[in-house]
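Let's take a walk through this protein together. Have the model open beside you, and follow along one stop at a time.

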Amino acid sequence: MAGPLPIGDPAPRDGALPADLSVDRDVPFSAYLHVPFCRVRCGYCDFNTYTSGELRGARQDEYADTLIREIALAGRVLGDAGALRPMDTVFFGGGTPTLLPPGDLARMLDAAVSAFGITDGAEVTVEANPDTVTPEVARTLADAGVTRLSVGMQSAVPHVLAALDRTHRPENVRTAVDAAREAGLAVSVDLIYGAPGESLADWEASLDAATALESDHISAYALIIEDGTKLARQIRRGEVPAPDDDLQADMYELADERLAAAGFDWYEVSNWARRSSTGSGIDNRSRHNLAYWRGSDWWGFGPGAHSHVAGLRWWNVKHPAAYAQRLAASESPAAGTERPGREAHLLERVLLETRLAEGMAASDLPEANRARVAGLIADGLVDAGAAIRGRIRLTLKGRLLADAVVRELTD
């Protein structure tokens, strides 16, 4: 399970937004719907997810109705605050959303559309384990208004999947992608690199398999060892090796090379979108994730989910049973809230916006921090041409050392 929740101010039991909150109705609004169920807990995962033996009173078959209660609460809260806007993007994440019957996901989406409305051409994504996607599931999701399926491929190599405790068979990724395509859904696949025992050749095989799927989008994330996970304990006991930073850097460079050659453009440090008829990958980017990186507004539904509206942040209680109890009592499930100060807000903006290929406006930095850009250019971390045009854009070397760039621009 995920680590402890942040320490913030108490959240109001009715979920009301502060009276002095100034909401810009022109800022896009998104919804994240968390489905916290998994058949097996992967050894590297610290997301707020639960297997059947960890639910302690919560019921998976009642979850859709419970989350729909939070949607109704959100509609009232945003309406009272004058902050109600149609959704530009919707994302079902987890956990494994497709462990629920597709009809439950459809009901949750329908409730959100009824409460908030949805823009024309909105992006609606469902994350899926490859073993849970059938042609019938894909068709039901498409008929409900889902536009995009994000498939958790992680690797094409069996021993790497085993090291990550992934239970799907590699060949089922193709089955899931084909089912999604036949239903008219756009497709993204997720990869993880740097697992114990994974070689550069293994990673190359996974990249080749992923590009052969001809998906619209590929995410490739370096394995991070999170405290409290099974994998962290295995490394601490010396049972498996820790990720090798140099090898992971080589893997990232190989991914960037292979994905570019296969027709993908990077648009965020860990994300590539297939070039479309317009000659770029702009049409296939994850618009939902861009909403996070650009600081838009969103409401996160479900246990442990985080929300952001007009600079106010809040997060829900973690356990599905506590979440259900709050909503059954007609109370907000929010556990805490905060308003980050100026320095925290700047750090977050630099951290997120510099990861994007479009970069960050240099004018958004304090003048003293702007002076440091020249040193980052000299070190080969920031693109000189983009800097002349007023944008801080990372080079390939800068993407590998993105955290160092953020520290230099914010310290």
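In which loop is Gly-95 found? Gly-95 sits in the loop between β2 and α2. Keep in mind as you look that this is a predicted model. The peptide bond leading from Gly-94 into Gly-95 is cis, and its omega is near 10 degrees.

From that loop, let's turn to the strands. Strand β2 (residues 87–94) is joined by 5 bridges to strand β3 (residues 118–128), and the two run parallel. On we go to β4 (residues 148–154), which is parallel to β3 and connected to it by 4 bridges. Here Val-126 has Leu-149 of β4 as its bridge partner.

Now for the aromatic side chains. A pair of aromatic rings is described by the distance of the centres and the angle of the planes. Searching the whole structure gives 11 aromatic pairs. One of them is formed by Tyr-32 and Phe-91: the ring centres are 6.3 Å apart and the planes are at 20 degrees, so this pair is stacked. Because Tyr-32 belongs to strand β1 (residues 29–35) and Phe-91 to strand β2, the pair ties together parts that are 59 residues apart in sequence. Tyr-32 is buried, at a relative accessible area of 16%, and Phe-91 is buried as well, at 8%.

Compare this with Phe-37 and Tyr-63. Their ring centres are 5.1 Å apart and their planes are at 80 degrees, so the pair is edge-to-face. This pair also links distant parts of the chain, with Phe-37 in the loop between β1 and α1 (63–80) and Tyr-63 in helix α1, 26 residues apart. The relative accessible area of Phe-37 is 2%, which means that Phe-37 is buried; Tyr-63, at 3%, is buried too.

Ring pairs can also join into a group. Phe-29, Phe-116, Trp-299, Phe-301 and Trp-314 are linked by ring pairs into a cluster. Elsewhere, a ring has a charged neighbour: Arg-399 lies over the face of Trp-266, at 4.0 Å from the ring centre.

Next, pick out helix α16 (residues 402–410), whose buried residues are Ala-402, Val-405, Val-406 and Leu-409. Why do these residues lie on the same side of α16? They cover an arc of only 100 degrees around the axis, so they share one side of the helix.

Our last stop is the backbone in two loops. Asp-165, in the loop between α4 (158–163) and α5 (171–182), has a phi near 65 degrees, a positive value in a residue other than glycine. Ser-330, found in the loop between α10 (320–328) and β12 (334–338), likewise has a positive phi, near 60 degrees. Is Ser-330 buried or exposed? With a relative accessible area of 63%, Ser-330 is exposed.

Conventions
Residues numbered from 1 in each chain as written. Predicted model: local features only at pLDDT ≥ 70, side-chain atom pairs only at ≥ 80, totals over all residues. Heavy atoms only, no water. Phe/Tyr/Trp six-rings, centres within 6.5 Å; stacked < 30°, edge-to-face > 60°. Buried < 20%, exposed > 50% of the residue type's maximum accessible area, 1.4 Å probe, protein only. Lys NZ or Arg CZ within 6 Å of the ring centre and 35° of its normal. Pairing = 2+ DSSP bridges. Arc of directions from axis to C-beta.
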